[in-house]
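I opened the model today to look up a helix pair, a loop and some backbone angles. My entries follow.

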Amino acid sequence: MEDFKSIISECIAGSQKAQAKLYHHFAPKMFGVCLRYAKDATEAEDNLQDGFIKVFANLKSFRQEGSFEGWIRRIMINGSLEKLRKLHLMYPVEDVAIYDSVNVSDDVIAKISADELVKLIQELPPRYRMVFNLYVIEGFSHQEIAQEMSITQGTSKSNLARAREIMKKKVHQLFGEMNAQNNYMA
Amino acid sequence: MNKDKNTDKLFREKLLNYEQQPPAHLLENVLAGTAAARRNRKLVFWRVAGVAAALLLAFVAGWQFNYMKQQTVNQPNIVRQNSSAKAKEENNVVSEKATGSDKIQEAIVARNQFSGTKYSGKSGQMTSRITLPAQMDSRAIRPMEKSNSEPIAASRNEESGALHPLKTVVQPIGSNNQFKHLLEEKKLNRSLDNNQELTLDQQIIQQNQQLLRAQYEPRKKTHWLVGAQVSPAYSVNRSSHSSQYENNMLNSSSQSPVELGGGLSVEYKRGKRWSLQSGVYYSGLGQSSGNTSNSSRSLFANADMGAEFFNAPASIVAGKMMINSSAGVIQMNGIPSGVVLGTNLEDKSLSSAVVLSDASFIQNFQYIEIPLYLRYTILDARFNVELIGGVGSNVLVGNQTFLQTSTGKSLVGKTQDMQGLNYSGTFGLGLKYGLSKRIFLNVEPRIKYFLRSLNSNPAVNYKPYTIGVYTGLSYRF
């Protein structure tokens with residue numbers, strides 16, 4: 001943290017060298033975050049760019065008490081949330097029971113690479129993707145998600161359940177069959 | 001439920017620390033964007049300060065101009081009033097023989113109480129020895145001597161509002177040595193890669209710089225807006241007069257007529273904040289006078305004539321009656337019907353005629369204004385808020401005086417010595433609501449004040465201001 005203090009101070013002073021240094025350190029991880037929240041790489045790049053401009057513009061407001069990486073990550077997530085709010089996407093609350101439930105073994109999921117999982121998440125509808133990311137990956141509660149997204153907790157739960165089902169279905173379609181084929185071949 | 005939790009855990013483990021190298025050109029964009037944001041923040045303070053200073057300067061200049069004018073009007077009058085005290089008593093002017101029509105003759109009624117009026121019915125001429133005070137005739141009034149926490153902090157607060165502390169996303173950061181090691185390692189790797197990708201990177205950077213420029217270009221895009229607006233204009237009387245003039249002046253009424261104004265506007269907008277507006281506006285200005293004299297010291301002013309009659313002095317020159325009002329000398333084409341004129345009164349201080357009527361005078365002035373307003377957008381959203389300030393040239397196109405009686409309103413004359421051209425200062429607030437991408441609804445409360453007296457009579461300093469709420473539509477192209 002002490003190392004970052006000096007870099008942060010230089011960034012606040014306007015040093016582009018320090019800004020580049022900070023960017024190089026955090027960009028790969030933050031690009032990973034942005035990829036999960038975006039529908040494709042282009043949108044993720046936009047979010048990453050806007051996010052870092054915000055980071056540098058607001059470095060003064062970072063109190064250097066908590067995690068710096070957590071602070072930057074939060075800015076990236078907020079950027080995605082902001083975009084989602086602007087889209088004014090409205091999904092009806094759906095009854096999960098009407099969809100066929102698919103069972104996918106955890107072993108199958110364990111074998112799937114992170115890149116492939118990110119692609120699957122990107123294919124989710126925007127609001128489901130957001131709820132899935134916030135709940136499953138970031139660890140938000142439904143109450144927090146409801147506050148952030150201005151929806152009810154019930155909607156958050158419903159969206160999460162639907163997102164899980166879609167994910168499982170996609171995993172089953174793409175990797176479950178492949179797995180079965182591999183077994184057959186064996 | 002547990003199955004879901006296990007699956008979630010698997011996802012989380014795989015994706016929480018998921019990393020991918022972003023394209024190299026992004027850094028250039030980030031640095032360029034950061035530098036631009038930094039410049040913008042610095043400019044915000046100067047923009048706001050500049051607008052505030054310009055508006056303040058315009059307002060203070062207007063008031064200062066008024067104050068200087070007021071001083072130059074009043075000061076010499078006081079001196080002359082003392083020196084001409086004797087002359088006032090001696091200067092009894094014999095009024096010219098009024099060769100008016102039969103209508104006028106009928107209107108002139110020699111009452112018993114107004115002794116001294118000689119009326120020859122046969123010849124149709126009135127020979128009266130009316131003592132006209134010098135101040136009553138505008139020509140007799142001697143001319144005056146011509147001496148006539150910072151925006152940056154604010155934006156930061158706005159941002160920090162969206163950045164409330166992280167509650168659940170906590171990413172452990174390794175020790176200092178770990179970071180040093182990581183940074184050095186990545187630096188070494190990157191320096192090798194950079195040499196190989198230099199030319200390709202340069203091309204990408206150039207492309208991105210072009211894209212970035214294109215992205216910022218719309219901000220400087222120019223727009224034209226044309227619109228039409230109407231407004232009720234409420235006039236507030238603001239005047240001062242020489243003491244001689246004031247002694248023989250009608251009391252101005254507290255009720256100012258509300259006139260309708262409006263016109264066409266053209267606005268040229270460059271960038272997001274500033275715009276310049278001009279156009280053509282029609283505006284009416286109303287002034288109403290009561291039927292009592294401004295001077296309570298005169299005997300006639302206290303005479304029990306009933307509240308519905310004028311107790312104000314008048315002068316008659318060449319068959320034209322003139323009465324002092326706060327906006328200037330009202331010159332009537334004749335003696336209006338329903339008006340009773342009393343002359344040769346036994347009031348030494350008066351030495352004049354007195355008009356008796358249950359009417360009030362309404363003076364109307366119409367102007368065509370060509371404004372030049374500077375507008376600054378302080379809130380750029382679906383509901384825009386703008387500051388407006390500027391000046392306007394006002395050309396007098398209408399000047400009427402009406403006599404309002406219980407039976408109706410009739411045109412009786414005009415106000416003398418009105419300036420043909422005058423300048424005004426305007427400031428206000430513009431509220432603009434986008435009905436669509438191109439059509440906007442405008443509501444603009446504005447105050448307009450005249451920089452010079454509307455009347456060129458040196459004894460009159462008449463500078464009213466008008467308050468209006470301009471409402472209309474504008475079209476952007």
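**Entry 1: a helix pair in chain A.** I noted that this is a predicted model. I started with helix α2 (residues 16–37) of chain A and helix α3 (residues 41–57) of chain A. I looked up two values, since two packed helices are described by the angle between their axes and the distance between the axes. For α2(A) and α3(A) the angle is about 135°, and the axes lie 9 Å apart. Angles over 145 degrees would count as roughly antiparallel and 65 to 115 as roughly perpendicular. The pair α2(A) and α3(A) is therefore oblique. I also looked up the handedness: α2(A) crosses α3(A) in a right-handed sense.

**Entry 2: who meets whom.** Which residues form this contact between α2(A) and α3(A)? From α2(A) I listed A:Gln19, A:Tyr23, A:Ala27, A:Met30, A:Phe31, A:Cys34, A:Leu35 and A:Tyr37. They meet A:Ala41, A:Ala44, A:Asn47, A:Leu48, A:Gly51, A:Phe52 and A:Phe56 in α3(A). By class, I read twelve nonpolar and three polar residues in the contact of α2(A) with α3(A), and no charged ones.

**Entry 3: the loop between them.** I moved on to A:Lys39, which sits in the loop between α2 and α3 of chain A. Next I checked what A:Lys39 touches beyond its neighbours within four places in sequence: A:Gln122 and A:Pro126. A:Pro125 is 86 residues from A:Lys39 in sequence, yet their C-alpha atoms are 8.5 Å apart in space.

**Entry 4: positive phi values.** I went looking for these since most residues other than glycine have a negative phi. A:Ser150 has a positive phi, near 55°. I found A:Ser150 in the loop between α8 (142–149) and α9 (153–185) of chain A. A:Ser150 is exposed, because 9 other C-beta atoms lie within 10 Å and the cut-off for exposed is 12 or fewer.

In chain B I picked B:Asp417, with phi near 60°, again positive in a residue other than glycine. B:Asp417 lies in the loop between β15 (408–415) and β16 (421–434) of chain B. B:Asp417 counts as partly exposed, because it has 17 C-beta neighbours inside 10 Å.

**Entry 5: chain B overall.** Chain B has eight helices and 19 strands. Of its 477 residues, 31% are buried.

Definitions and conventions
Residues are numbered from 1 along each chain as its sequence is written. Chains are lettered from A and ligands numbered from 1 in the order in which they are written. This is a predicted model: local features need pLDDT of at least 70, side-chain atom pairs count only at pLDDT 80 or more; totals for chains, interfaces and linings use all residues. Axes are lines fitted to C-alpha atoms, for helices over the stretch in contact, and angles run from 0 to 180 degrees between N-to-C directions. Helices (H or I, at least four residues) and strands (E, at least two) are DSSP runs, numbered from the N terminus. Angles under 35 degrees count as roughly parallel, over 145 as roughly antiparallel, 65 to 115 as roughly perpendicular and the rest as oblique. A crossing is left-handed if the near helix is turned anticlockwise from the far one by less than a right angle, and right-handed if clockwise. Two residues are in contact if their C-beta atoms, placed from the backbone, lie within 7 Å. Ala, Val, Leu, Ile, Met, Phe, Trp, Tyr, Cys and Pro count as nonpolar, Asp, Glu, Lys and Arg as charged, and the others, Gly among them, as polar. A residue is buried if 20 or more other C-beta atoms lie within 10 Å of its own, exposed if 12 or fewer, and partly exposed in between; C-beta atoms are placed from the backbone.
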